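Subject: Structure handover

Hi,

Here is the structure I promised to pass on. Have a look at it first, and my notes follow below.

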Amino acid sequence: MELGRAGLAWTAALLLAALGAQAAAAAAGGFDPYRVLGVGRSSSQADIKKAYKRLAREWHPDKNKDPGAEDKFIQISKAYEILSNEEKRANFDRYGEAGESQGHSQHQHRHFHHFHEGFYFDESFFHFPFNSERRDTSDEKYLLHYSHYINEILPDSFKKPYLIKITSDWCFSCIHIEPVWKEVAQELEALGVGIGVVHAGYERRLAQHLGAHSTPSILGLVSGRVTFFHSAVVRDNLRLFVETLLPGNLVEKITDKNYIHFLSNWKRENKPHVLLFDHMPVVPLFYKLTAFAYRHYLAFGYVYVGLRGTEELSRQYNINVYTPTMMIFKEHIDRPADVVQARDMKKQLIDDFLSQNKFLMVARLTSQGLFQELCPVKKSHRQRKHCVLLLTGEGEKYAEAYEAFLTFAVANTKDTLRFVHTYKDRQPELADALLLDEEKYRGRSAVVILERRNNAGKVAYKTLEEAWRGSKEDNFILLDLLDQLRTDPGLLSSETVLADLNDELAPMFLVRWFSSTLDYISAYWDSLFHSNWREMMPLLSLLFSALFILFGTVIVQAFSDSSDTRDSPPSEKEETATKTEKNDTSFSKESNSRVPKKGFVEVTELTDINYNSNLVRLRPGHINVVLILSNSTKTMLLQKFALEVYTFTGSSCLHFSFLSLDKHREWLEYLLEFAQDAAPIPNQYDKHFLERDYTGYVLALNGHKKYFCLFKPHRVGDEGGTLGSCEDYDSSLHTEARGKPSCSPGSRSIKSKLHKLSFWMERLLEGSLQRFYIPSWPALD
């Protein structure tokens, strides 16, 4: 019986294994990179590259207007990503997936282990989540591209925060957090949070720009500043993360004790004030997001109606404690200017409500931006908007005239009119331009009707002949002028050009400097503990170098002082002789370290024959410095290259080679794709990428650690002295490719590409150049 059971178990196991293999084949059949690129399984890397280049040009969305061109282009890029990597290609050929074969075998072994004891297989045995085509497609509408991020998302982050996820294909953890991410993204988007998704495989430049070096990563973007999320991916943590991105002083807690002071600040802040009455003990997230979006126009306060100490406030404004209520107060704090009440405060409802009440009834012109928004430029006769401006002063002396003007504005509010005021002593240039008779209006208020004609400051205006006192006669005169203006735009007969207004509410320089310093320190403090250590290495290196120099100087000074007190000072002759001897010794050491071992520069061509020995299997610590040239520039560039690097040939760790651009352009372009942020190097999206001249580029290749440093050619015309000279080629310096030096303008321009290469070599030996890491060295066909 036992043997029979065991036999049945073995049979069942083999049957399930066959079914699993069929499922894997079916999953793989959904996306076949060979079929997408139209190549066979035995095709070489050169054939795959040619097929990819041809299809990429054919299906590029900018050239192909087919509706499915973008999806086809993404499939082509993904197929090339798999087949260009030998490891992924081998795994796909073996298992039908591009994942790690080791994890696959361990996965099978774990489920088959002791099968005869429990004979248990969970559904994950037949589930292959690596294929991105089988994932949830809800992220597609949130996908970000580099240009879209720079031109739209980054400026929009000053109005609302963004929550961005960095994902990629073949990512276990990305699949694990998808349900939580989908739920939270839908919830936060309804509240006003921007959502974005960056695919690190297709948007590598954007991922590097954001500082994301692993997937999955979640980050927040507020006011152009990126902050990474480092907690467990659960709903409450993500909501709390979004709240921490916002400034802490957006919403003020209001009670019976401080509501009068809060509402009375409208004159100092030049803003309407908003109060939200709700029964929640904490300020709702949607209200904080609203306050962030309208922080430049409105001041926000929150009243917790269930708290003791808010009864008087609720009674005065007749608040229903069971329904959320939002009130806007303008110049009169005893009554709200507008009210909205709803059990479910939707974002659209709040936006409409606040956008209609962004300004006071008679707002004060405190900056040029506010002036342009309140009094827009006339675009057509139907879109005329006139500004009625009260030029007044501060203090009780002008209070009566201002109150009369405010009453007139409330009674005559229209879409085509905007009532504003300003203080003459704070905007003297505006007052001087509009009030030609200064003595007539000295110590008095004046009313001006104006219309902006263009963005350069040109306005048409008419000033009331008499000073504004707020009497009934003044009201009739102003009302009559406004009625005439509706039928006769030529009533504004005077024209002038206004200078930009002073920004009265701008913070002082010290305050702005202190705020910027705090933001800078907090950003680096966060980076110190959470960011990738490669990003922090320059800062840490600078910090420790400064500390080392400081303490070293102190220690040397301490020892020198103690020795001076013990020893008697030497005579002047002995001191001079000692200094001369030390200088000679140091100079000889320094010069010996830089003296080349040979009288020539040995430069070899990098080909497929010596590629492994000169790069892939290069000994640790050794670097191959490769010059990029073409057949037409070979002789002149090699001569200049030899002159620039001759002083560095004494180092046994440096090797010098050159690479023919005519033969190996594709190999070079593949490497330069990893240095797109360091140099303006086009990728396959650039229609001129095959025409780019890379001659004069120099690559320092570290074969063991798989990174390279890049030297870009010196631009012609940057320094006139370098173009006007033609160095004589030293007869003692010889390269494998010899030629007669040319002093023609063409040769001078070609040689000037390697100008300052020696300084770059100095930084290479110091280790201060930026390094670009690659996953593996591509084949040199």
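**What I found**

Setting aside neighbours within four places in sequence, Phe-241 is in contact (heavy atoms within 4.5 Å) with Leu-163, Leu-219, Gly-220, Thr-227, Phe-228 and Phe-229. Phe-241 sits in helix α11, residues 235-245; helices (H or I, at least four residues) and strands (E, at least two) are DSSP runs, numbered from the N terminus. Phe-241 has a relative accessible area of 8%, so it is buried; buried means under 20% relative accessible area, exposed over 50%, and partly exposed in between, with a 1.4 Å probe and protein chains only. Leu-163 is 78 residues away from Phe-241 along the chain, with 9.4 Å between their C-alpha atoms.

Before you read on, some ground rules. This is a predicted model, where local features need pLDDT of at least 70 and side-chain atom pairs count only at pLDDT 80 or more, while totals for chains, interfaces and linings use all residues. Residues are numbered from 1 along each chain as its sequence is written, and side-chain values use heavy atoms, with hydrogens and water left out.

**The whole chain**

There are 30 helices and 21 strands in the chain. Of its 781 residues, 42% are buried. Looking at contacts between residues at least 6 apart in sequence, 73% join residues at least 24 apart.

**Helix α4 and its neighbours**

Now go to helix α4 (residues 69-83), whose axis comes within 6 Å of the axis of helix α5 (residues 86-95), crossing at roughly 95°. Axes here are lines fitted to C-alpha atoms, for helices over the stretch in contact, and angles run from 0 to 180 degrees between N-to-C directions. That makes α4 and α5 roughly perpendicular to each other (65 to 115 degrees; under 35 is roughly parallel, over 145 roughly antiparallel, and the rest oblique). Glu-81, Ile-82 and Leu-83 of α4 meet Lys-88, Arg-89 and Phe-92 of α5.

The buried residues of α4 include Ala-69, Phe-73, Ile-76 and Tyr-80, and the buried set packs against α2 (33-37), α3 (45-59) and α5. Ser-77 is also in α4, and it counts as buried because its relative accessibility is 12%. Beyond residues up to four places away in sequence, Ser-77 touches Tyr-52 and Tyr-202.

**Aromatic rings**

Rings of Phe, Tyr and Trp (its six-membered ring) pair if their centres lie within 6.5 Å; planes under 30 degrees apart count as stacked, over 60 as edge-to-face and the rest as tilted. By that rule there are 20 aromatic pairs. In one of them, the rings of Tyr-317 and Phe-329 have centres 5.0 Å apart and planes at 65°, so the pair is edge-to-face. Tyr-317 lies in the loop between α15 (311-316) and β8 (325-329), and Phe-329 is in strand β8, 12 residues apart. Both of these residues are buried. Elsewhere, Phe-286, Tyr-287, Phe-300 and Tyr-302 form one aromatic cluster.

**One buried glycine**

Finally, find Gly-696 in the loop between α27 (665-672) and β19 (698-702). Gly-696 has a relative accessible area of 0%, so it is buried. Not counting residues up to four places away in sequence, its contacts include Leu-627, Ile-628, Phe-711 and Lys-753. From Gly-696 to Phe-641 it is 55 residues in sequence and 9.1 Å in space, C-alpha to C-alpha.

Cheers
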